[in-house]
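Open the model in your viewer. Keep the selection panel at hand, and follow the stops in order.

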Amino acid sequence: MTGGRGALGVRLDLEKGRVEMVHGSGGRASAQLVEELFLPAFDNPWLRQAGDQAQLDLPEGRWAMSTDSFVISPLFFPGGDIGSLAVHGTVNDLAMGGAHPLYLTAGFVLEEGFPLSDLSRIVRSMGASARECGVSLVAGDTKVVERGKGDGIYINTAGIGRIPAGVVLDPSAIRPDDEILLSGPVGDHGAAVLAAREGERLATALLSDSAPLHGLVAAMLASGPGLVCLRDPTRGGVASTLNEWARISGLSLEISESGIPVRPEVRGISELLGIDPLYLANEGRLLAVCRPEASERLLSALRNHPAGRMASRIGKVGKGRPGRTDGTVRMTTLMGGSRTVDWLLGDPLPRIC
Amino acid sequence: MSDLRYLEAFRDPDLGRSLLSALAIAAKALPRAPVRIMEFCGGHTHAFHRFGLLELLPPEIRMVHGPGCPVCVLPKGRIDAAIGLSLDKNAVLATYGDVLRVPGSHGMTLMKARARGADVRIVVSAMEALSLAEALPDREIVFFAIGFETTTPPTAAVILEARRRNLTNFSVLANHVLTPPAMEAILSGTALDGVIGPSHVSTVIGTKAYDFVSRKHGIPLVVAGFEPLDILLALRMLLSQISEGRSEVENEYARAVVPEGNPRSLGLIERVFERAPSFEWRGLGSLPRSGLSIRDEFGIFDAQRRFSVEIGRVSDPGICECGEILKGVKGPRDCRIFGTLCTPDTPVGACMVSAEGACAAVFHYGDREGAVS
């Protein structure tokens, strides 16, 4: 591809070329970036119209909309990259409302000097993930910032998805005796990224769990009623999601450490870095609250789906504390004691002593 | 990563239950009860809460939290000095993440200094600070070094390395302190029946460093690892000593700790540092020969000399009980502002700042039901 001529002059050098300020200027170079990089990767009728907006024919009903920005370092990690993550992240945010994701937009903030080969790899990964998820990237935008003013690449994705009739997932409906389900081992993404940052010093075979979850959600909804709410425990991990639910419901969420699967590699990395796996980010797991009579059925639905093979029941909802409305998360430890699982405080930092 | 199975082994719930039963039986046979046992190290405090061990202990055992949390014992004057260096001297201040939120005078922190334009960088090792100095040759890099004997050898190593590389823009503001003098100060003022000795510190200084605990104070000490089974076994060993009227230094953590310690690490400390006549500890006050200063030979790497830093004496607010808590005289819940004015988000005292501080551990893992309101 390099060296040839396209409609807009000499083609982009996707092997050795770098992002330049002109690529974000809105002029010929910007158009070339779209034509030679984004269009082939995301190809769909809306992008081909090349308008300022995508025009969609949406059927009536309830629609979910969400947006998320991705600033991850490193950009490429075992099991994914910022591109696949940007698609899965927004797809999953929509899926947690029970929505079937359909359309995404993508905004790119590129740093001057960023290798076009990396950009190409990321964009192709986004395209592949979108196809895998059955969503179309229908509109996009690219800006370039001066060298030193960005971190290579930031991506924002926004998306909309259709909520099937009758589906209402709402954490304020959580009641005592509801049960809490988890779709798989915790902390794979966070630990894989932390290990990748350490490089050779912490080489593992661990992969990020980054994956779309709307198929899993559809399988749960199809199995019957009783699902109360869903959340993908991304930043802040399982602990943060449970604390949010405890706060919203004002109830006490009671989980059991022995019910929470943690891969040995994740446990090891967590120990080395002094971080609790319950606070590590996940990008392909979901937590669910359901009515007690539905839990066996939903657990089977999870386990029968490839994305939920290792699903488990991790606890139940207890009564709130007398005179308190802020809820709490308590965990029975492996040793048989109990402790609070608190909000994450600040950034998870390595222990120094 | 086959060593991970090793990790699981020290968290085995069945063995944990057996040890707890053994502890309960041993506790019934104690000559006096309750016994007060201090875990000196913040790592153990953290482990007690994280694994939910406290409520499983027989009622005859009362755990007392010790001062072994590097951030907690750091006096405000030293935080003020670091803030001054970063704001007034335009130095790049490199330090461990925990330090950033520690309040100095007037609630100022390095985090807030950064928001005001100071160049403060979080590093996870002393060597990373040295790399910064190489990467930014036009800037002065000051490594704000804290910690007990565990983190001192790496600081010594980077000072030697800075000299070897002829770096002229690197210096260290050293706040390294010693475990035995702090333990001595506590044992002289707080009634205890036994001590769980530190894990990581002991890998460096060895078990012999605690001989004074048994010899001078007649109190048993068991060095223990950080895993739940380590801790329970150490308690079992302490109860045996108490019941048998012994006061010895024993080593539960024999897989990592030897009597003489690590000669290479001790050699590094000795090469670069010397004992300062006294060191001002937060909570414990000024203790003789309890802190380290950089030897004259390495004076150009000593930020205190390089920038003529004065360390001021700043007292803690009267309502904060950190001092008494660090000495083991009071517990976190005895403090009037615990969980109300003072929380991990708005720490008043140092015990609430670091994850290994006693107040932070009780707040983070404890049942809020019992919090003072």
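Into which domains is chain A divided? Select domain 1 (11-50 + 61-163) and then domain 2 (171-340) of chain A. These bounds come from an automatic or database domain assignment.

A note before you go on. This is a predicted model, where local features need pLDDT of at least 70, side-chain atom pairs count only at pLDDT 80 or more, and totals for chains, interfaces and linings use all residues. Residues are numbered from 1 along each chain as its sequence is written, while chains are lettered from A and ligands numbered from 1 in the order in which they are written.

**Between the domains**

The C-alpha centres of domain 1 and domain 2 of chain A lie 29 Å apart. Across the boundary, 19 residues of domain 1 of chain A are in contact with 21 of domain 2 of chain A. Contact means C-beta atoms, placed from the backbone, within 7 Å. On the domain 1 side of chain A, helix 3, strand 6 (100-111) and helix 4 (116-133) each supply at least two residues. Helix 3 of chain A gives the most, with seven.

**Helix 3**

Now select residues 82-95 of chain A: this is helix 3, with 14 residues. Helices (H or I, at least four residues) and strands (E, at least two) are DSSP runs, numbered from the N terminus. Are the residues of helix 3 of chain A mostly covered or uncovered? Mostly covered: 14 of 14 are buried. Buried means 20 or more other C-beta atoms within 10 Å of the residue's own, again placed from the backbone.

**Over to chain B**

Finally, show both chains. Here 35 residues of chain B are in contact with 24 of chain A. Select helix 2 (13-28) of chain B, one of the elements that give two or more residues to the side touching chain A.

Note on methods. Expected span 1.5 Å × (residues − 1). Buried ≥ 20, exposed ≤ 12 C-beta atoms within 10 Å, placed from the backbone. Contact = placed C-beta atoms within 7 Å.
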